[in-house]
Amino acid sequence: MLYPESLLSKLGFEEIKIKLKQECLSSMASEMVDKMQFISNYDLLQKLLLQASEFKQLLQSGDYFPADHFIDLKSMLASVKVEGSYLQEDKFHQILLSLHTVFTCIDFFKIRTGIYPELEKLVVNINIDKSIVKSIEQIIDSKGQVRPNASKELANISQEMFTIESEATKRINSIFKELQKDGYTAESKLTIRDGRLAIPLLTEYKRKLKGVILDESSTGQTVFIEPVEVFEMNNKLRDLVYAKRREIIKILIALTDELRPAMPTLLTYHQLLSLVDFIRAKAKLAIRMEAIMPVLKPEASINMVEGRHPLLYLSFKEQGKKVIPLTAQITEENHVLLISGPNAGGKSVALKTIGLIQLMLQYGLLIPVAAHSEMGLMKNIFVDIGDDQSLENDLSTYSAHLFHMNYFVQQANAKTLILIDEFGTGTDPKFGGPIAEAVLEVLNRKKVRGVITTHYSNLKNFANSTDGIQNASMLFDQVEMKPFYQLEMGLPGSSYAFEIAQKIGLPAALLNSAKQKIGHQQKKVDTLLADLEREKKEMAIKQNEMAIQTRKLNQLVIENQQTKDFFDTNKKKILKEAKIEVDQLLKSANKLVENTIADIKSVKADKEATKKIRNQFETAATEIIKKAEPIVVPAKSSIANQKIKVGDWVVYGEDQMLAEVLSIQKNKAELAIGDLHTWILLSKLQLTTNRTKKAVNQSAFSNVMASSANQFQPQIDIRGARGEEALWEVEKFLDKAIMLNYSEIRILHGKGDGILRKLIREYLKKYEVVSSVASEHVEFGGDGITIVNLR
């Protein structure tokens, strides 16, 4: 049940229906929009939502689906229920086109069995009766005209008309040419008057032609004459025209009589066309507002994630602006949501967003929320929004509010969603506040589901101390003195009355005077609420940073384990390769000695020759020694406590990687590991005096890093990511860029409201390796892209 009668217009659903009608192709679907009803049956609503969701999927798939000839067959058939009545040729042609659309729809779903199961059920029991099409096509041609051979009599009449028309035309053309040759005609061609061919003659020559004057020009200089020779032919032709029409009517009556027994089948086709067009309209509207089918729950609950006000979304979309999404929960434990906060902060919009989305859902429409939203069913929706003052019923604004409250208290239950805007206003706050609190207490005992907005502190305090009612607030920027339009669950909000008044420009003396007039306790509560909101925001920022650090730590643990696994896996291979290399060096050394001895013997100890051979031996031996540099793991230096400086050699990590220090910035050092550069904390490094190569397969490791460098792109796209997620992705991306020694990277975050851009640039300031950040050139993206230069 919906209350009051103006509920649909108050929540904006009447505008939704108008937009839905704009997507309809036929009058039948528009009528179905007017007949839509509030649905609280779970199975029925699930079916309707699945139909709309599947049709949305169909439209987005790109498959052809008929979108024309959705014609109102029911109205046509209603006009020929009486025997002797008949349909005109154009109506039969429309029926023919509609039947082709129906058959195409049926074939579409039967060919795609299982893809659109709910839509397939619409056609599963409908048969294609092509005998109706065959009967119509025998009589009506593709242009919607009765075929000349539709009956034997019509064919004879048509043939006789053709013969007479040809003869009359031939005869009048001959007469016209003769008169034209003599200069009697006023124009260069024949003309038609009263549906008959006539010859235009100059008035002074009208006696040159025997015939009937059909007309004359406005100047009187031209007369239009039908020759007597053609007059009789045209009279005969006119009689045949009447005869042809009588025969056509006879044929149409017979065709209508033949069609009349098939009316039940045609009405079934009519219902299918109407329903398909209606579901299609719902899917088209859903695509426009990026709506989806949420998880549907049978209980009375709401877990709306990133909901967007449908009308506001469509309006902003046309203006190129974005709607700030709303997340809210109404559960068995917290079944009433009490929203407070500053004026113009979005309280009423939040309330109407929840109400309109719930209403759309229970009218079988897809809703603009995140896919993992869970929406339950309400049996009733009651609202008290706006001014219901009534002169006819002698109701003031506050009286109207009380009238609604009385109805709520009597009729609401645990399956009822109530929406109350500015609860308790309209009268003296000393009385309005307590009355509102008493009403809220009764509604809470009934476990009513509700969303209520208020400025009253007593209601905020009541919600804070009462089970079942949850405070929520609209966030406010205390620096810029403007609302964020974001709903925060768990805490009441301040009205920021003095702060807003100060920004508007009210004199300080006036504001100080006002502050003195309010109670000390009230001022204390309002200040406390503002401080709580600020502290919660700061806490959220710290939690966000902690989450990022936790993710980074987890990622580092994973990467460290992967590196360890790499070395463990290749340990045997490295030792094997080292052993082979040593064996080859020993063989080379032994062969060199043997060859040297043999050479000395061959020259018979000649002094000069022996000296030359010795020099050759020493050179070759030096080369072998270079190849055979000792394979030693660098030992921890006894000078580990000394200060590390540029040019030092250090080791780090469990695997004691050897690296050279290239530069130092505060607590980090830039290291060179072969051709690769990276930044490591100084606290993780140890000085070493041993610069020999480490016994690991560094070439294999370098190959892995080189492969990473080849795959790395110096640009990241984080459009659409939320704050914490975006910062985490940027941090990982920046670490890789630093490790691979890139000097410039690009971060694509989009323009929007500039919130994400500001968040990222503030975050980058903590990196000492970042030398500057700037926007891309306007031609290449402007403020939507941040260019980061690295030292």
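## Salt bridges between helices and strands

A residue counts as buried under 20% relative accessible area, as exposed over 50%, and as partly exposed in between. Arg 171, at 32%, is therefore partly exposed, and Glu 229 lands in that class too, at 36%. This is a predicted model, and in it the side chains of Arg 171 and Glu 229 meet in a salt bridge, 3.4 Å from N to O. The pair ties together distant parts of the chain: Arg 171 sits in helix α9 (residues 152–182) and Glu 229 in helix α10 (residues 228–259), 58 residues apart.

Searching the whole structure turns up 18 salt bridges. One of them joins Arg 193 and Asp 215 at 3.1 Å, N to O. Here the link runs from strand β2 (residues 191–193) to strand β4 (residues 211–216), 22 residues apart. There's also a salt-bridge network made of Glu 83, Asp 257 and Arg 260.

## A four-stranded sheet

Now for an open sheet with mixed pairing, its strands ordered β21-β22-β24-β23. β21 (715–717) and β23 (770–775) each have a single partner strand, so one side of each has no neighbour in the sheet. On average, neighbouring strands are turned by 20 degrees against each other, direction ignored.

β23 and β24 (residues 785–790) run antiparallel and are joined by five bridges; Ser 775 has Thr 786 in β24 as its bridge partner. Helix α23 (residues 755–764) lies across β22, β23 and β24, at about 165 degrees to β23.

## A nonpolar surface patch

Leu 402, Phe 431 and Ile 435 make up a nonpolar patch on the surface, with about 260 Å² of accessible area together. Leu 402 belongs to helix α14 (residues 397–411) and is partly exposed, at 33%.

Definitions and conventions
Residues numbered from 1 in each chain as written. Predicted model: local features only at pLDDT ≥ 70, side-chain atom pairs only at ≥ 80, totals over all residues. Heavy atoms only, no water. Patch = residues over 30% accessible without salt bridge, like charges linked within 9 Å, V, L, I, M, F, W, Y side chains within 5 Å. Areas by Shrake-Rupley, 256 points an atom, 1.4 Å probe, with all protein chains shown as cover. Salt bridge = Lys/Arg side-chain N within 4 Å of Asp/Glu carboxyl O. Helix = DSSP H or I, 4+ residues; strand = E, 2+ residues; numbered from the N terminus. Buried < 20%, exposed > 50% of the residue type's maximum accessible area, 1.4 Å probe, protein only. Pairing = 2+ DSSP bridges. Axes fitted to C-alpha atoms, helices over the stretch in contact; angles between N-to-C directions. Contact = heavy atoms within 4.5 Å.
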